[in-house]
Amino acid sequence: MTRPVTAERVSKELTGPTLSPDVARRIALAAQGFADPRPATTPNRRHLQRVLSRVQVIQLDSVNVAVRAHYAPLFARLGAYEPALIDDAAWSPSPRRPRLLVEYWAHEASLVPVEDWPLLHSGAKPRGWWRGYHQLIDRTPALVDDVLAVVKESGPIGAGAIERELTGGARRTPGAWWDRSEVKKICEWLFGMGQLTTGTRRGFERLYDLPERVLPPGVLARRVDAAEGARELTARAATAFGVATEPDLRDYYRLSPQASRQAVAELIEEGVLEPVQVRGWRQQAYRHVDARAPRRITGRALLCPFDPLIWERDRTERLFDFHYRIEIYVPGPKRVYGYYVFPFLLDGELVARVDLKADRARGVLRVPGAFAEPGADHLRVAGELAAELHAMAGWLGLDGVEVGERGDLADTLRAHTR
């Protein structure tokens with residue numbers, strides 16, 4: 001009689017080769033697309049699809065200090081490209097260019113391939129923060145129906161416009177049977193439940209629409225149970241990571257521990273994951289069967305705080321010996337490196353970090369602070385970093401780079417950017 005595959009059984013049977021930290025790092029970088037050369041020509045949809053096949057998920061974030069978070073990972077991997085490439089794929093499809101991406105809560109608010117929609121609605125992921133709105137939903141079921149009716153009639157449409165439709169353009173006074181924030185909360189709840197999605201965006205405002213007007217019928221018709229959803233999402237996370245611990249894999253799509261552990265056990269049984277040990281890692285690691293370790297990684301890239309290579313901070317420290325925290329919410333005087341800091345990847349190592357701000361009024365990419373990692377060659381790092389900063393400035397439509405005073409790399413970098 002065949003024994004059932006369980007996380008407990010598999011954990012007792014783990015064996016596997018030992019990888020050096022350097023090999024693990026090269027596997028991880030190749031999995032994220034950093035072993036692929038940047039295109040020699042203007043990046044096109046084929047290049048976008050190649051990046052998507054690596055990273056699986058592109059995180060969204062409202063911060064626009066340097067560049068919106070969803071644009072930066074493509075620049076890191078492809079170099080200068082037209083932002084319309086991702087806009088068209090996510091929000092402006094056409095008969096010639098069908099939609100490739102749809103919005104949903106994956107790691108956080110994210111763009112994901114449209115074919116992954118059923119996996120994310122399979123029950124594999126725990127309900128997110130919007131579940132806290134259930135009391136509002138129970139209290140105002142008629143308003144839920146009204147919001148859906150407005151979107152059906154007028155979508156794609158923003159939350160503010162939905163409110164105006166429901167009030168006939170008149171603003172209700174406080175004490176009315178619902179307030180402005182309730183419409184937004186209901187829209188967010190319906191989005192989280194998959195009853196609404198993003199049809200398009202205006203600026204960065206989400207315009208809601210019905211899933212049946214956004215997604216292909218075949219995608220909407222696919223039914224996936226929670227176990228299959230967890231298994232497929234975990235396999236995608238393993239593809240994106242190359243080599244990872246179970247908590248790493250779990251975090252990519254924010255699965256529950258139980259679902260993640262069972263999915264890992266089943267993927268080992270299927271031969272998709274191979275247990276390995278990485279020297280210096282305290283936890284068991286797993287390598288995707290198709291992951292490769294190139295002999296060396298070359299090239300450079302600026303990584304925004306929401307780049308999937310570095311968004312799991314403990315993993316970043318394990319792979320690169322690089323302690324990284326985003327300091328947006330840290331009071332200014334207590335910040336160590338700056339408000340919106342990009343680590344700098346050079347030939348497979350994180351060698352520096354720069355605080356960046358796009359000063360569009362003055363037409364420059366400002367670098368308030370520049371910091372080298374211990375042991376880095378300041379001259380070489382500054383030269384390569386200056387070249388990448390100028391490339392980013394040109395991509396953003398800015399005329400130059402202006403380096404401030406903070407950081408041990410600032411003086412050398414300033415000399416290279418003049």
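User: Is Arg 222 buried, partly exposed or exposed?
Analyst: This is a predicted model, where local features need pLDDT of at least 70, side-chain atom pairs count only at pLDDT 80 or more, and totals for chains, interfaces and linings use all residues. Residues are numbered from 1 along each chain as its sequence is written, and side-chain values use heavy atoms, with hydrogens and water left out. Buried means under 20% relative accessible area, exposed over 50%, and partly exposed in between (1.4 Å probe, protein chains only). With a relative accessible area of 31%, Arg 222 is partly exposed.

User: Which residue does Glu 228 meet in a salt bridge?
Analyst: A salt bridge here is a side-chain nitrogen of Lys or Arg within 4 Å of a carboxyl oxygen of Asp or Glu. Glu 228 is partly exposed, at 26% relative accessibility. At 3.2 Å, N to O, its side chain meets that of Arg 222.

User: Which helix holds both Arg 236 and Glu 232?
Analyst: These two form a salt bridge, with their closest N and O atoms 3.4 Å apart. Helices are DSSP runs (H or I, at least four residues), numbered from the N terminus. Arg 236 and Glu 232 are about one helical turn apart, because they sit four residues apart in helix H12 (residues 226-241).

User: In the salt bridge of Arg 362 with Asp 359, how far apart are the closest N and O atoms?
Analyst: Arg 362 is partly exposed, at 48% relative accessible area, while Asp 359 is buried, at 14%. Their closest N and O atoms are separated by 3.5 Å.

User: How many salt bridges does the structure hold?
Analyst: Some are linked: Asp 116, Arg 222, Glu 228, Glu 232 and Arg 236 make up a salt-bridge network. For the structure, the number of salt bridges is 37.

Definitions and conventions: Helices (H or I, at least four residues) and strands (E, at least two) are DSSP runs, numbered from the N terminus.
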